[in-house]
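Hi everyone, thanks for coming.

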Amino acid sequence: PDIDGFLVGGASLKPTFTDIIMSCVPPIPLKKPKFIKVKGVEPGARGVNLYAKVVKAATPVAANDELVEVVVGDDTGLVTLSVACDRGKALEVGKTYKVQNAHVSMIRGFIRLAVDKWAALKPSEDETVDTVNEKTDISAVEYELK
C-alpha cells in the first residue's frame with residue numbers, strides 16, 4: 001500500500017515518485033567519435049574509428065572458417081580488417097566504409113584491425129576516401145611485443 005506517496009512493503013511506484021528519482025540522475029551525454037587515419041593505428045589500440053576504402057576483396061582466413069580478411073586504406077596507408085564472414089562478404093571493392101569501435105589484434109606480430117560484434121561497419125555517406133596510399137601497409141610491418 002501507498003502511504004503519503006512513499007513505498008511500503010514493495011508496493012507499486014506512483015508515476016510522480018519515478019519522476020522525482022529520474023530528475024535526480026542526469027542523463028549521460030554521448031560523446032562524438034574521433035576518427036583517425038590508418039597511420040594512427042597502433043598495437044593494443046581499442047575503440048578505433050576510421051574511414052577507409054576497400055582495396056582488396058574479402059579472403060577467408062585459413063585457420064578460421066568464420067573470419068575473412070579485407071584490406072582497406074586511406075591516404076596514409078593500408079590496414080587489414082578481420083571481419084566475421086557474413087559482414088565481410090558484403091563489402092564492395094572501391095567503396096568507402098565507416099569503421100567504429102574496432103580494436104587491434106596482434107597475430108604473429110602483425111596488426112589486424114578486428115571488427116567484432118561490438119564494432120560498427122557501415123557504408124559512409126558523409127565522408128569519402130578518394131586516394132589510397134598503397135605503399136604503406138601497417139599490417140605488413142612485424143612488431144616485437146614485450
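Let's start with a contact between two side chains: those of R112 and E69 meet in a polar contact at 2.9 Å. By polar contact I mean a pair of N or O atoms within 3.5 Å, where, within protein, one must be able to donate a hydrogen and the other to accept it, and residues adjacent in sequence count only if both atoms are side-chain atoms.

A word on what you're looking at. This is a predicted model, in which local features need pLDDT of at least 70 and side-chain atom pairs count only at pLDDT 80 or more, while totals for chains, interfaces and linings use all residues. Residues are numbered from 1 along each chain as its sequence is written, and side-chain values use heavy atoms, with hydrogens and water left out.

Back to our pair. E69 and R112 also form a salt bridge, with the closest N and O atoms 2.9 Å apart; that term means a side-chain nitrogen of Lys or Arg within 4 Å of a carboxyl oxygen of Asp or Glu. The bridge links distant parts of the chain, with E69 in strand β4 and R112 in strand β7, 43 residues apart. Strand β7 covers residues 110-115. Strands here are DSSP runs of E, at least two residues, and helices are runs of H or I, at least four, both numbered from the N terminus.

So is R112 buried or exposed? R112 counts as buried, because its relative accessibility is 16%. The cut-offs are under 20% relative accessible area for buried, over 50% for exposed, and partly exposed in between, with a 1.4 Å probe and protein chains only. Leaving out residues up to four places away in sequence, R112 touches several others besides E69, including T80, S82, H103 and S139, where contact means heavy atoms within 4.5 Å.

How many salt bridges does the structure hold? There are two. In the other pair, D75 joins K37, with the closest N and O atoms 3.3 Å apart. D75 sits in the loop between β4 and β5, and K37 in the loop between α1 and β3, so this bridge ties together parts that are 38 residues apart in sequence. D75 is partly exposed at 43%, and K37 is partly exposed at 40%.

Finally, the cysteines. The structure holds zero disulfides, a disulfide being a pair of cysteine sulfur atoms within 2.5 Å. C24 is exposed at 60%, whereas C85 is partly exposed at 25%.

Thanks, and I'm happy to take questions!
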